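Please keep the structure in view while reading.

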Amino acid sequence: MKLTALTEFKNLQTQGLFSFKDVQAWLLKYEAFYKDVKYNWHCPNSGCQHKFTGCCSCDTKPDAYLFVTLYDKLLEFSHYEKYEAYALGELNDYNAIKHDASKVKSWVIRNENIAGNACFEFLMNYHAYNDTPTNLLVVDSKLLGYDVFVSQEAFKSLVQFLETFDELFWIQKIYPESDILCVFD
């Protein structure tokens, strides 16, 4: 039997797209249920390695496993939203100084920890699914049988901030003495 939470989640989709606001509401609504399932559920299929590895090895995954996995992925994704306001402020700062090379370098240095560490995987995990992404791919179809695309609207400043930082840091290498950059070169 399909978990109500999974059915409800799928029904939040409008034209193949989820709003971040709806995802947040769904996460909040099912938080207690998630904690209960995550810490008390074990795959009932004999031979499954879930009990030992935390990963279900069954060909057909039980609904509880699908729910917990979906919740985990959405929760991880949702943590990036806290950087949206910061990114907007930093974009405004960048636009004011973008023609001054020394100030741009200072901007990159100031943002290295956020863009180079805390948000480093955001674009790779959710935005780099093709050459011209229009939304954020949070979960691919392997888990639920359909892709979970979230509207990029709630993350547009973060995406632009990270793209700007990546261009300056990784492509133009305006801060070549960075410890992070040295590791990759």
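In this predicted model, the axes of α6 and α7 come within 10 Å and cross at roughly 165°. An angle over 145 degrees counts as roughly antiparallel, and α6 and α7 are therefore roughly antiparallel to each other. The crossing in which α6 passes α7 is left-handed. On the α6 side, the residues that meet α7 are Tyr86, Glu90, Asp93, Tyr94 and Ile97. Their counterparts in α7 are Lys103, Val104, Trp107, Arg110, Asn111 and Ile114.

Helix α6 can also be looked at by itself. It covers residues 84-97, which is 14 residues. From the first C-alpha of α6 to its last is 20 Å, close to the 20 Å expected at 1.5 Å a residue. Which residues of α6 are buried? They are Glu84, Ala87, Glu90, Leu91, Tyr94 and Ile97. These residues cover an arc of only 145° around the axis, so they lie on the same side of α6. Ala85 and Ala96, on the other side of α6, are exposed. The buried residues of α6 pack against two helices, α7 (101-118) and α10 (156-171).

Helix α10 has 16 residues, which should span 22 Å at 1.5 Å a residue; the C-alpha atoms at its ends are 21 Å apart, which agrees. Its buried residues are Ser157, Leu158, Val159, Phe161, Leu162, Thr164, Phe165, Leu168, Phe169 and Trp170. What do the buried residues of α10 pack against? Their partners are α6, α7, α8 (122-127), β1 (136-139) and α11 (179-184).

A second pair of helices is α3 (residues 31-40) and α5 (residues 63-78). Their axes are 10 Å apart, and the two helices pack at an angle of about 120°. α3 passes α5 in a left-handed crossing. From α3, the contact is made by Glu31, Phe33, Tyr34, Val37 and Lys38. From α5, Ala64, Phe67, Val68, Tyr71 and Asp72 take part in the contact.

| Helix pair | Angle between axes | Distance between axes |
|---|---|---|
| α6 and α7 | roughly 165° | within 10 Å |
| α3 and α5 | about 120° | 10 Å |

Some single residues remain. Gln15 is found in the loop between α1 (4-11) and α2. Phi of Gln15 is positive, near 55°, in a residue other than glycine. Is Gln15 buried or exposed? Its relative accessibility is 82%, and the cut-off for exposed is over 50%, so Gln15 counts as exposed.

Lys173 follows α10 and is found in the loop between α10 and α11. Its phi is also a positive value in a residue other than glycine, near 50°. With a relative accessible area of 34%, Lys173 is partly exposed.

Lys21 lies in helix α2 (residues 20-29). Because its relative accessibility is 66%, Lys21 counts as exposed. Lys21 and Ala154 are 133 residues apart in sequence, while their C-alpha atoms are 8.4 Å apart in space.

Terms used. Residues numbered from 1 in each chain as written. Predicted model: local features only at pLDDT ≥ 70, side-chain atom pairs only at ≥ 80, totals over all residues. Heavy atoms only, no water. Helix = DSSP H or I, 4+ residues; strand = E, 2+ residues; numbered from the N terminus. Expected span 1.5 Å × (residues − 1). Buried < 20%, exposed > 50% of the residue type's maximum accessible area, 1.4 Å probe, protein only. Arc of directions from axis to C-beta. Contact = heavy atoms within 4.5 Å. Axes fitted to C-alpha atoms, helices over the stretch in contact; angles between N-to-C directions. Left-handed = near helix turned anticlockwise from the far one by under 90°. Parallel < 35°, antiparallel > 145°, perpendicular 65-115°, else oblique.
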